[in-house]
Structure formats: C-alpha cells, structure tokens
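Notebook open, model loaded. I want to look up a few spots and jot down what turns up.

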Amino acid sequence: MSEKSHERVVAAFDFDKTISTRDNVVPFLRAVIGRARVAGALFAISPRLVHAAWNDAHRDAAKVALVRHTLRGSDAKEVAAVGAEFARDVLARHLRPDVVERVRWHRDQGHDVVIVSASFTDYLDPIGAELGAAAVLATELAVGDDGRLTGELARPNVRGAEKVRRLDEWLGDRPAYVWAYGDSSGDVELLARADQGVSVGRARAAS
C-alpha cells in the first residue's frame with residue numbers, strides 16, 4: 001500500500017545515535033548520581049556487559065542490572081528534575097541536524113512523529129515535546145509507593161521486538177502508513193515492520 005492510500009502517516013524515530021549523536025543512558029546516569037558512582041556500577045556489572053557485547057539477548061538484563069546499581073532508592077521527582085535539565089543539554093548540544101530536519105519535514109507534511117527508544121522517559125518526554133512528537137514510547141523507570149525508584153523497569157526495555165509492540169499498541173486500530181528510522185541492531189524489527197524503513201547513516205534504505 002502506498003502512503004497516499006492512507007489517511008494517517010506515522011514517522012517512528014529511534015533516538016540514541018539516530019536523532020541524537022550519542023547514546024544517552026550512561027550520560028544521564030552520570031548527571032543523576034555522578035561519574036564515580038556510575039563507574040563503580042559499570043565495574044560491578046562488567047560480566048553482564050561482556051555477555052551483552054557478545055550476545056544481543058543479554059542487553060536488556062545488563063541494562064536492568066545497571067539501573068538497580070545506580071538508581072534504586074532515588075527520589076523519582078528529583079530524577080525527573082535532572083531529566084528535564086539533561087534534556088535541555090541534549091537539545092542544545094547533542095542532536096543530529098540532518099535527522100532533526102527530517103523530523104521537521106514529517107511534521108510539515110502532517111505526519112505524526114513518534115520517538116520509539118530504549119532511552120528513559122525522564123528526559124525523552126521533554127525532548128519529544130520540544131521536537132513536536134505526537135508520542136514518546138520509551139523505557140520507563142518503576143516507582144514505588146514511597147515515590148522512590150525501585151531499580152526495576154516499569155515495562156520491558158523498548159528495544160528490538162518491544163519497539164514494534166509499543167508502536168502497534170500506540171497505533172491501535174487506526175491503519176497507518178509507517179516510516180521508521182533507526183541505526184542499530186535494536187532497530188531491526190522496527191525497520192522491518194515499517195512500510196518504509198530507513199537505516200540512518202547508511203546509504204541504503206530497507207523497505
């Protein structure tokens with residue numbers, strides 16, 4: 001089906017190294033708890049990181065372990081406040097102008113722009129609002145009844161097949177022509193699900 005045959009067109013963008021020039025999870029954790037504590041946490045979970053580097057299936061477990069070591073017990077409102085400040089820095093210094101222009105092009109065409117990312121909602125929500133995104137589908141940190149982070153994720157890490165599940169959940173029953181943009185192995189399923197998938201930074205687009 002062509003784009004013109006659909007009343008609704010959606011452009012789904014990965015964030016880290018797609019809209020942004022870098023991965024943002026570790027820099028965000030450093031902003032929350034400091035470089036020394038993050039370095040200690042990375043050392044503590046280094047066996048998991050080694051497994052994750054060699055086996056894609058271990059990446060989600062490594063991320064959860066990192067969250068437990070760094071954010072468990074943190075005040076959720078304070079983390080969100082750091083996230084808002086972190087978002088301002090990312091917007092000012094760490095976006096890819098070419099991809100931001102593509103985001104703008106989709107908006108100008110009347111398309112719904114959606115950010116689908118394994119990064120955290122604490123900073124992606126304000127970034128998405130600034131970029132005019134219709135939705136941010138990203139990794140959420142679980143908050144306990146005491147208002148503190150539990151060290152777990154509220155829902156599965158938004159990577160791989162989970163990106164497709166979250167996008168389809170958001171789309172609901174309304175049919176749409178879907179563009180998707182990504183840069184890594186974590187975006188393969190999203191690009192394959194799209195009507196038009198674009199590998200950012202590569203010459204070839206995947207249909």
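Predicted model: local features only at pLDDT ≥ 70, side-chain atom pairs only at ≥ 80, totals over all residues.

Starting with Pro126: I checked what it touches once residues up to four places away in sequence are set aside, and got Ala84, Ala87 and Thr121. Pro126 itself sits in helix H7, which spans residues 121-131. Buried or exposed, or something in between? I get 31% relative accessibility for Pro126, so it goes down as partly exposed. I also took a C-alpha distance from Pro126 to Val136, 10 residues apart along the chain, and it came to 9.3 Å.

Next entry, a helix pair. I picked H1 (residues 25-33) and H2 (residues 35-44) and looked at their axes, which come within 7 Å and cross at roughly 125°. What does that make their orientation? The angle lies between the 115 degrees that ends the roughly perpendicular range and the 145 above which helices count as roughly antiparallel, so I noted H1 and H2 as oblique to each other. On the H1 side, I listed Val26, Leu29, Arg30 and Ile33 in the contact, and on the H2 side Arg35, Arg37 and Val38. Sorting the residues of this H1–H2 contact by type, I ended up with four nonpolar, three charged and no polar.

I found Tyr177 in strand E6, residues 177-182. Its relative accessibility is 9%, and because the cut-off for buried is under 20%, I put Tyr177 down as buried. I also checked Tyr177 against Glu7: they are 170 residues apart in sequence, yet 8.3 Å apart in space, C-alpha to C-alpha.

How much of E6 is covered? I went through the strand and counted six of its six residues as buried. Tyr177, Trp179 and Tyr181 point one way from E6, while Val178, Ala180 and Gly182 point the other way.

Which strands pair with E6? I found E1 (residues 9-13), parallel, over five bridges, and E7 (residues 196-199), also parallel, over four bridges. For the E7 pairing, I noted Ser199 as the bridge partner of Gly182. Last, I followed the chain from E6 to E7: it passes through helix H9 (residues 188-193), and I logged this β-α-β crossover as right-handed.

Definitions and conventions: Residues numbered from 1 in each chain as written. Heavy atoms only, no water. Helix = DSSP H or I, 4+ residues; strand = E, 2+ residues; numbered from the N terminus. Buried < 20%, exposed > 50% of the residue type's maximum accessible area, 1.4 Å probe, protein only. Contact = heavy atoms within 4.5 Å. Axes fitted to C-alpha atoms, helices over the stretch in contact; angles between N-to-C directions. Parallel < 35°, antiparallel > 145°, perpendicular 65-115°, else oblique. Nonpolar A, V, L, I, M, F, W, Y, C, P; charged D, E, K, R; others polar. Pairing = 2+ DSSP bridges. Right-handed = clockwise from strand over helix to strand, strands pointing away.
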